[in-house]
Amino acid sequence: MSADPEARPLLVFLNEVAGGRKLLQAVRERAERVPFVAVCAPQNQPTVGQLIDSGELRDAARARVEVTMSVLAEYGIDSVGEVMDPDSALALDDAVRAHEPGEVLLSCRSETRFGLTRKDLVEWARARFEPDVAVTHIPVRIADDSIRWDVIHTLVVATKTVAAPDLVNRLKERASERPHRYTIICPRSEEVSEEEVVRDLASTLAELYRADVDATGQPMSPDPFHAVQNAIEHYRIDEVLISTFAGEDSRWLEGDLIGRVREITDKQVEHLEVGRPAAAVAAAVAEEGGT
């Protein structure tokens, strides 16, 4: 099925969040009928693992856009991306003018407010753009999910291991035993490029979505403890899973990340050691042999 020649683009607007399975499903339902998909995000404070340094807000917004675009690409959906003004309403207004969409998928929390008068963003958008542009709210209710008795909200902390088969399989196994929602934060590392983190995180999210598991995530500030601390303060977290490679020196372990996290929460904090992929092991051995 090809796009309707008279159809207008689809705008995906990520306010503070990095989307999720419901957003992906909505885009997939519309992708074949639109000429292209545009993914935009304002430079505002991310809801997941909030950043302390305001100078990193643009990087966080870019990460939300790039991870979402990479997840869409995993499903064969091409898209364009853009980082917008920090003000949510101004950013959305600019994005609609720039891309002239027929519909906006507004991904944000249900209680999102903006401006001095604390207006509701979804209500403002509908009053501003409809009926010419349809506004569909894709709600992100992490707090609602976490207080349901049948859903466990797990904060996953992983960077180099975020796409490791051991970790992905463990997440899927847990979700098959009891419904889970995963929030994955990837503190930046000098040892892994941002492009690699975005690619690996998107791969993991796509794999979880294929298994009908709810998850969201994005690269974060380099300090893993602050990222975890903010997530715990912001959400009702049921448990924390910190992932590192087995048998390897880790800055996280050297800094006693696990012990420090256990001091600030009464929730279960698990350390998962995963094995390196065979290709990575072979490369490491070859490098050692050449020194």
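This is a predicted model: local features need pLDDT of at least 70, side-chain atom pairs count only at pLDDT 80 or more; totals for chains, interfaces and linings use all residues.
Glu 239 belongs to strand S11, which covers residues 239-245.

Which residues are in contact with Glu 239, once its neighbours within four places in sequence are left aside? They are Ile 152, His 153, Thr 154, Leu 155, Arg 174, His 180, Lys 267 and Gln 268.

## Arg 181

A second charged residue, Arg 181, lies in strand S9, residues 180-187. Its relative accessibility is 9%, so Arg 181 is counted as buried.

Arg 181 and Ala 215 are 34 residues apart along the chain, and their C-alpha atoms are separated by 5.5 Å.

## The pair H6 and H7

Two packed helices are described by the angle between their axes and the distance between the axes. For helix H6 (residues 165-177) and helix H7 (residues 194-210), the axes come within 11 Å and cross at roughly 30°. Angles under 35 degrees count as roughly parallel, and H6 and H7 are therefore roughly parallel to each other. Their crossing is right-handed.

On the H6 side, the contact is made by Val 168, Leu 171 and Lys 172; on the H7 side, by Thr 204, Glu 207 and Leu 208. By class, the residues of this contact comprise 3 nonpolar, 1 polar and 2 charged.

## The buried face of H1

Helix H1 runs over residues 21-31, and its buried residues are Leu 23, Leu 24, Ala 26, Val 27, Arg 30 and Ala 31. Viewed down the axis of H1, these residues fall within an arc of 160°, so they line one face of the helix. An α-helix has 3.6 residues a turn, so residues three or four places apart point the same way.

What lies over the buried residues of H1? The covering elements include the strands S1 (10-14), S2 (37-42), S4 (103-108) and S7 (134-139), together with helix H2 (57-74) and helix H7.

## The protein as a whole

The protein contains 11 helices and 12 strands. It has 291 residues, of which 52% count as buried.

Taking contacts between residues at least 6 apart in sequence, 80% join residues at least 24 apart. The contact between H6 and H7 includes Val 168 in H6 and Leu 208 in H7.

Notes. Residues are numbered from 1 along each chain as its sequence is written. Side-chain values use heavy atoms; hydrogens and water are left out. Axes are lines fitted to C-alpha atoms, for helices over the stretch in contact, and angles run from 0 to 180 degrees between N-to-C directions. Helices (H or I, at least four residues) and strands (E, at least two) are DSSP runs, numbered from the N terminus. Angles under 35 degrees count as roughly parallel, over 145 as roughly antiparallel, 65 to 115 as roughly perpendicular and the rest as oblique. A crossing is left-handed if the near helix is turned anticlockwise from the far one by less than a right angle, and right-handed if clockwise. Contact means heavy atoms within 4.5 Å. Buried means under 20% relative accessible area, exposed over 50%, partly exposed in between (1.4 Å probe, protein chains only). The arc is that of the directions from the helix axis to the C-beta atoms.
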